[in-house]
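Let's take a walk through a protein model and see what its parts are up to. Keep the 3D view open while you read.

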Amino acid sequence: MSTNHTTVIVAHNPPRRRRPSKDLPPDMRIVLLGSSVSENSLVGNFILGRAAFDSEAPPDVVERVGGRLKDRHLIIINSPQLLQTNISDHQLIQTVREECVFLSDPGPHVIVLLLKHEPCSAEDQERVEKVLHSFSERVYRHTMVLTTQETTETSDILQTIIQKCANRHFSLQRSSSPDDLLQMFEDIVKMNDGRHLECAEGSQYFTMEQGVTGRLSETVKLNLVVCGSDGTLKSSVSEQILQQTDVELHGCVISVIELPGLTRLSEEDVMRQTLRCVSLCHPGVHAFLLIIPDAPLTDEDKAETEELQRIFSSRINKHIMILIKQDSEHQTAELNEETQSVIERFGGRHHFFGPKIQVSTLMENIEQMLEENRGEVFSTETFLEAQMKKLMKYEEMKKKIHSYEKHLLSQCNEQKISLELQSMKKRR
């Protein structure tokens, strides 16, 4: 996986024309699943009749765009990478849950599979089924296949997928009309009595539960946010936490979200990603897991820790656990000064891990932190309060600077008047 991987949500709905509420048709939420940014954009733009999607956007950008077709208001969630066979299961889980399901809340009415006639392999079929089942076991009732290639033959594997979708297949040709495609969407909605797809059943693919009772049993859901500058390492840690199902989790459902490296983002993207990350963790983040190496920190590592402190403020300290990456399973005798400084700055909690994470020990450390915090979480409200406090400090600083500038200007004017008076006296 690329170390530069970040997952981005872009939601932009054009303003609707005002009409009496009784004339407004209900929204129809459509999820486009594909493996090509250009093809997904082509189909999305075809449906909305305008250049709503960027064909050159990064493949990990999930977009949500609204528009109108005939008398229907459509919301299209475009995910152009989910059917790629080279993305990890963890990326699949995150994209389905935190992008597609989140943006189509409370659930999609229609899922459109953008598939090609050739080549269509058994691996492609397996990928399609894994992606669809990540939404729900009943997903085929809401799914159709769309192809953009002109051909007279359909491969056996593609035909099998189409049959599972109740033979719903639309071939996008030059003579095709968006109205024809809308009619197929309407037929799917009608067959399901207007109900959207309930995606809760797919939770088994991106969370894990244990029926073990314990001190955390009152916490129904445990929200973990993995932070750090190394994207590959963050994904590895996340996958290990989710895959080690033999760990006693005390009845908790574990939710793991990766925060993109903040130093690589613009200020606007930093705010959007951090707010989105916290808002996805209802009722809040129980633990931030910050990964750093047990070695001299790179400039990027240092910048990332400083950015976390700047954005989340010191309020993050009581919710953060430092994960220290070591090359072996054995803990070193001493930490270098830079690593020790980061640990102390964020409250002192830390956990060592080697090539593999001892998840049971990590969970015990997190459990102890939760007990110390008495169940308190880092919520969206906490995040916004921290931003408001920074804004107030900024406004206060602006006032002080303005007052100082006025004082200097006043002094300059007084000196100028004094010099002019002296000059007049001399001329007399």
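## A histidine in a loop

His109 sits in the loop between helix H2 (89–103) and strand S5 (110–114). One thing to know before going on: this is a predicted model. Is His109 buried or exposed? Its relative accessibility is 8%, so His109 counts as buried.

Which residues does His109 touch, if you skip those up to four places away in sequence? The list is Asp27, Met28, Arg29, His142, Ile188, Val189, Gly194, Arg195 and His196. Take His196 from that list: 87 residues separate it from His109 in sequence, yet the two C-alpha atoms are 4.4 Å apart in space.

## The whole chain

Now zoom out. The protein chain has 11 helices and 12 strands. It runs to 428 residues, and 49% of them count as buried. Its accessible surface comes to about 22200 Å², with 49% of that belonging to carbon and sulfur atoms.

How much of the contact list joins residues 24 or more positions apart? Among contacts in the protein chain with a separation of 6 or more, such residues account for 80%.

Most residues other than glycine have a negative phi.

| Residue | Phi |
|---|---|
| Asn167 | near 60 degrees |
| Ser313 | near 70 degrees |

Where do they sit? Asn167 is in the loop between helix H4 (156–164) and strand S7 (169–171), while Ser313 is in the loop between helix H8 (299–312) and strand S11 (320–325). As for cover, Asn167 has a relative accessibility of 53%, so it counts as exposed. Ser313 has a relative accessible area of 16%, so it is buried.

## Rings that meet

How many aromatic pairs turn up in a search of the whole structure? The search finds four. In one of them, the ring centres of Phe288 and Phe378 are 5.5 Å apart and the planes are at 85 degrees, so this pair is edge-to-face. Phe288 belongs to strand S10 (residues 287–293) and Phe378 to the loop between helix H10 (359–373) and helix H11 (380–427), so the pair ties together parts that are 90 residues apart in sequence. Both Phe288 and Phe378 are buried.

Phe378 also pairs with Phe312, again edge-to-face, at 5.6 Å centre to centre and with 70 degrees between the planes. Since Phe312 lies in helix H8 and Phe378 in the loop between H10 and H11, this pair ties together parts that are 66 residues apart in sequence. Phe312 and Phe378 are both buried.

Which residues make up the cluster that ring pairs link together? They are Phe288, Phe312, Phe378 and Phe383.

Next, find strand S3 (residues 61–69). Eight of its nine residues are buried, leaving the strand mostly covered. S3 pairs with strand S4 (residues 72–79) in the antiparallel sense, over seven bridges.

Asn45 lies in helix H1 (residues 37–48). Is Asn45 buried or exposed? At 19% relative accessibility Asn45 counts as buried, because the cut-off for that is under 20%. Leaving aside neighbours within four places in sequence, Asn45 is in contact with Arg50, Ala51, Ala52 and Phe53.

Rolling a probe the size of a water molecule over the atoms shows where empty space is left. A search of the whole structure finds three cavities of 30 Å³ or more. The second largest cavity holds about 40 Å³ of space.

Which residues line the second largest cavity? They are Val37, Ser41, Asp54, Ala57, Pro58, Val61, Glu63, Asn78 and Pro80.

Technical notes:
Residues are numbered from 1 along each chain as its sequence is written. This is a predicted model: local features need pLDDT of at least 70, side-chain atom pairs count only at pLDDT 80 or more; totals for chains, interfaces and linings use all residues. Side-chain values use heavy atoms; hydrogens and water are left out. Helices (H or I, at least four residues) and strands (E, at least two) are DSSP runs, numbered from the N terminus. Buried means under 20% relative accessible area, exposed over 50%, partly exposed in between (1.4 Å probe, protein chains only). Contact means heavy atoms within 4.5 Å. Accessible areas come from the Shrake-Rupley method with a 1.4 Å probe; for residues, only the protein chains shown count as cover. Rings of Phe, Tyr and Trp (its six-membered ring) pair if their centres lie within 6.5 Å; planes under 30 degrees apart count as stacked, over 60 as edge-to-face and the rest as tilted. Two strands pair if DSSP finds at least two bridges between them. On a 1 Å grid over the protein atoms alone, a cavity is a set of points where a 1.4 Å probe fits but cannot get out, and a pocket is an open set with protein on both sides within 12 Å along at least five of seven lines; lining residues have an atom within 4 Å of a point. Grid points are joined across faces, edges and corners, and a volume is the space filled by probe spheres set on the points.
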